[in-house]
Amino acid sequence: MSSSPLSKKRRVSGSETKTGSHCSSSNSVRTELSHTPANGMAKNGNDAEIDEGLYSRQLYVLGHEAMKRMQSSSVLISGLRGLGVEIAKNVILGGVKSVTLHDQGVAEWKDLSSQFYLREEDLGKNRAEVSQTRLAELNSYVPVTSYTGALNNEFLTKFQVVVLTNSSLDEQIRLGDFCHSNGIKLIVADTRGLFGQLFCDFGEEMTVFDTNGEQPLSAMISMITKDSAGVVTCLDEARHGFESGDFVTFTEVQGMTELNGCEPIEIKTLGPYTFSICDTSSFSDYVRGGIVTQVKMPKKVAFKSLSSSMAEPEFLLTDFAKFDRPGQLHIGFQALHAFEKKHSRLPKPWNQSDADELVALAEEANAAQTGSAKQEQLDQAIIKKLSCMAAGDLAPINAFIGGLAAQEVLKACTGKFMPIMQWLYFDAVECLPEAEDAVLTEEECAPRNCRYDGQIAVFGSKLQELLAKQRYFLVGAGAIGCELLKNFAMMGLASGEGEVIVTDMDTIEKSNLNRQFLFRPWDVTKMKSETAAAAVKLMNPSVRITGHQNRVGPETEKVYDDDFFESLDGVANALDNVDARMYMDRRCVYYRKPLLESGTLGTKGNVQVVIPFLTESYSSSQDPPEKSIPICTLKNFPNAIEHTLQWARDEFEGLFKQPVENAMQYLTDPKFMERTLKLPGAQPLEVVEAVYKSLVTDYPRSWDDCVAWARNHFQCQYNNNIRQLLHNFPPDQLTSSGAPFWSGPKRCPHPLEFSTNNDLHMDYIMAAANLLAQSYGLPGSTERSALTKLLQDIKVPEFIPKSGVKIHVSDQELQSASASIDDSRLEELKTLLPSPEASSQFKLCPIEFEKDDDTNFHMDFIVAASNLRAENYDIPPADRHKSKLIAGKIIPAIATTTAAVVGLVCLELLKIIQGHKKVESYKNGFMNLALPFFGFSEPIAAPKHKYYEIDWTLWDRFEVKGIQSSGEEMTLRQFLDYFKNEHKLEITMLSQGVSMLYSFFMPAAKLKERLDLPMTEIVTKVSKKKLGKHVKALVFELCCNDETEEDVEVPYVRYTIR
């Protein structure tokens, strides 16, 4: 784990001090940005290196090129209310050249419902100035300044991107026209209660370099025809995945070499394994081989200015179920601006006469339309709702629109991903009370001069009281966890007698700071949950948050027990793995608590809501399993860098972790040998042989020994083993059908000859020797010249390939081969091993792989080991950055997606707390900000099952009280009878966890002994585990027959014992 705090290198010219950059008035902005040519992409002081330690996870989303373009973009964000601060936060975390915050207004009560960097003591102060110091802490590489003057044209020329979040329509049009004609990219964002609006204008000719952010596809070729449109057939290992209109290029084609390295060719797909290319009739004949790779082609996109696209709007749909909503809201928002211009105020919350007036203004605005913006008929109900909540300001809506708007800023700076063309409208009116007749009154929603005024304006004060009482369990305090806590605090969740319990067993690392925005460089190495809880209390001192450091799972069920879960109102997951998600899902189904589930992957995000008795659960549907790489591909026939990287990871475990662990167990655990000898097949010999090597033959006594071992291991892996493989299968070998053995996915390797002049060879020796030294508690060395000297004196034994060595060509062949065990060798080894009493002389230390520390040699070893093997097989190598992604199984992540996803989660939370009962009120969401695409669907209802005439779902169960009225516990016999008499079900099998308690085919003697034992006694006997004091009930699974002897599916049993 990297624990060095973020370097405070500033990326502006001059030796500006930290305080100088944080506390600047509007004047300093002019001087600081004056060296930027009008709109020119000025370099950031110097051509700064990207801090990979900080931006690691975001780099895997955007790439280095896009990040470099971002670092030459200055961004202006006007309007520092809840939406403005959300956009600013995400853009600053992203890492642009500089951000200027503009606002001429002062903090009011209604701002506090979503502006998380304003506090009650800031009321009456300028919003931009107060927010500036807090936003500047988010990223020491991005200078953040505030400006409180008017937005004039000359001022705007300093920026590449301008974002307006709190402007009148007149100002939007005036600035929009200026930006359009001066090549400044413009984004307009606005939120009103449960409604949001977003507009983008990136000029008349914008180049998008990568429309979707997906990795370029590639496929292996089996045939290319000579034709006016040559047909390429790919190996049928997997579908090629190309689409018509994609561009491709070729490498390694034998015969038709004209295609190798050709300019990108447009293709037309013909089927899952075939596509056609250009005219190949004059090319040479295709012989064999070849790889086809997709090429990302830049795309030109043209935008209309705000004024001209008002009348002819192009909409991006966010919800296909609300197909006509964007057109209605397009008029509705214009009417709001007209209302505000006329009265110098917004419509009052839930005031009917204001709502009627807004409808009249909307009719007027619609009648004046000449272009496609004109609506056949206005939806008066939706316009009235817009009026009723126009004064509202909701944290979740700001988080969603703010996440999207910030991603558009990054697109504007980089040309990475497809921009929103050009209008996006969003609403979440399903959050309002479900009952048709539930009308909120004006006085319920009137401002109270309290921090929740913006939320009360939409939902009234009763919901506020409900929110304050909630007890919620938040599992995880990473990126999603931080965003959830921020929104919880703004909404006032658990701000009364309620409580939010957040648990996370992780500590803060430098790479977290790029999106886990509650943490600062000085928090690195502290606990996430405590740090996050403290940060959120500053945002709203009345929220009650408790931080835990527990992993959720069977081992913490004494902490998160029946009493704990029964006291909760709901659970929010903020996890990074499926296993923990499934575990929490099971707990929520058992305790019948609502679960808010979400996740992100780069620009993709999803939200799923699980409601007791209404929806299916998270585990009801599963993703297809990830494809694993066949063992023989890894061992002998790699054809992609993923294969060599996985091989290198296996090497790491097999050299520096597994053998050392086994040797330590041999020395310290008296039962180790006994356990090892019980292992199947050749495993006992392999393990004992490995322990012997670790403690005797390979045991290093000095740094020189470590270097000698590394040099010999290099020889073995990259030379001897390859020569043996080529001895078994020479390059010209044919298969039984006469085809070349080395073809298609089998790449013919060549051995490497070691040289001290080759940097990669030296990197490998340096890393391997240091890791071996670490695992044996020996001092290492980084002296390259001394290493070269040592290597010149090492004698490497001569290797001659042997005949009769079996190499498996496929995994099937590998499985059918039976291993012969040499018992005499096993006995011999047992006598040769040092006695465990000698353990004190060994200082062994197994190494756990840690990808994010650049000083520990772990990634050095992986990169060198993988790229050397890639060189063996002529596979293009991967740099450290790409190697780390694949070998470290890193999930790409960016703050924008997280903010937007969590906004949607909190909208579902509002529905849960109000007790929405209809499945169609809830929304599961999926988005991909790169495309951009949004899809919402109502959750799938819990599937119904049936026995006799009784319907049941996963939320139902049999409740059985184990302790009878006599105070005695039920015996197995009584339990079986109870089901027969009460439910007319004959139990054929009964289990608890992995323990089988009863089955109809059980031996009679065993059955007789169990029938009259109490149920808990049978459980402890079979599972060989005592029941903890915290266990109030057991879960039994049943197989049953009905009265016709038919097998029926039935719910589980909750058997209460305390």
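Guide: A term comes before the tour: two strands pair if DSSP finds at least two bridges between them. The model shown here is predicted.

Visitor: In which sense do strand E31 and E33 pair, parallel or antiparallel?

Guide: Strand E31 covers residues 1033-1041, and strand E33 covers residues 1052-1056. Four bridges link E31 with E33, and Ala-1033 stands opposite Thr-1056 in E33. The sense of the pairing is antiparallel.

Visitor: In which sense does strand E28 run beside E33, parallel or antiparallel?

Guide: Strand E28 is made of residues 957-961, and five bridges join E28 to E33. Arg-957 stands opposite Tyr-1052 in E33. The two strands run parallel.

Visitor: How many of the residues of E33 are buried?

Guide: Tyr-1052, Arg-1054 and Thr-1056 point one way from E33, and these are buried. Val-1053 and Tyr-1055 point the other way and are buried too. The count of buried residues in E33 is five of five.

Visitor: Is Gln-992 buried or exposed?

Guide: Gln-992 belongs to strand E29, residues 986-992. Beyond the residues up to four places away in sequence, Gln-992 touches Leu-997, Val-1019, Leu-1034, Val-1035 and Phe-1036. Buried means under 20% relative accessible area. The relative accessibility of Gln-992 is 18%, so Gln-992 counts as buried.

Visitor: How many Å apart in space are Gln-992 and Val-232?

Guide: In sequence, Gln-992 and Val-232 are 760 residues apart. In space, taken from C-alpha to C-alpha, the value is 56 Å.

Visitor: Which domains does the domain assignment give, and how far apart are the C-alpha centres of domain 2 and domain 3?

Guide: The assignment gives domain 1 as 218-295, domain 2 as 673-888 and domain 3 as 944-1056. Between the C-alpha centres of domain 2 and domain 3 there are 53 Å.

Visitor: Which strands stand at the edges of the open sheet of seven strands?

Guide: The order of this open sheet is E11-E10-E14-E8-E9-E13-E12, and its pairing is antiparallel. Two of its strands have a single partner strand each, so one side of each has no neighbour in the sheet. These edge strands are E11 (265-266) and E12 (268-269).

Visitor: Which strands stand at the edges of the open sheet of eight strands?

Guide: Here the order is E20-E19-E18-E21-E22-E23-E24-E25, with mixed pairing. A strand with a single partner strand has one side left without a neighbour in the sheet, so the edges are E20 (545-548) and E25 (933-937).

Visitor: How many degrees does the twist average from one strand to the next?

Guide: This concerns the sheet that has E20 and E25 at its edges. From one strand to the next, the average twist is 10 degrees.

Visitor: Which residue in E25 is the bridge partner of Met-927?

Guide: Strand E24 (residues 924-928) pairs with E25 in the antiparallel sense, over five bridges. The partner of Met-927 in E25 is Phe-934.

Visitor: At about what angle does H30 run to E22?

Guide: Helix H30 is formed by residues 895-914. H30 lies across strand E18 (471-475), strand E22 (595-601), strand E23 (604-610), E24 and E25. Its angle to E22 is about 170 degrees.

Visitor: Why is H14 called roughly perpendicular to H30?

Guide: The axes of helix H14 (residues 461-469) and H30 come within 10 Å. Angles of 65 to 115 degrees count as roughly perpendicular. The two axes cross at roughly 95 degrees, which makes H14 to H30 roughly perpendicular.

Visitor: How many nonpolar, polar and charged residues has the contact of H14 with H30?

Guide: From H14 come Leu-463, Leu-466 and Leu-467, which meet Leu-910, Ile-913 and Gln-914 in H30. By class, the contact has five nonpolar, one polar and no charged residues.

Visitor: Is Arg-649 buried or exposed?

Guide: Arg-649 is found in helix H20, residues 641-668. Apart from neighbours within four places in sequence, Arg-649 is in contact with Phe-849, Ile-862 and Ala-887. With a relative accessibility of 18%, Arg-649 counts as buried.

Note on methods. Residues are numbered from 1 along each chain as its sequence is written. This is a predicted model: local features need pLDDT of at least 70, side-chain atom pairs count only at pLDDT 80 or more; totals for chains, interfaces and linings use all residues. Side-chain values use heavy atoms; hydrogens and water are left out. Domain bounds come from an automatic or database domain assignment. Axes are lines fitted to C-alpha atoms, for helices over the stretch in contact, and angles run from 0 to 180 degrees between N-to-C directions. Angles under 35 degrees count as roughly parallel, over 145 as roughly antiparallel, 65 to 115 as roughly perpendicular and the rest as oblique. Contact means heavy atoms within 4.5 Å. Ala, Val, Leu, Ile, Met, Phe, Trp, Tyr, Cys and Pro count as nonpolar, Asp, Glu, Lys and Arg as charged, and the others, Gly among them, as polar. Buried means under 20% relative accessible area, exposed over 50%, partly exposed in between (1.4 Å probe, protein chains only).
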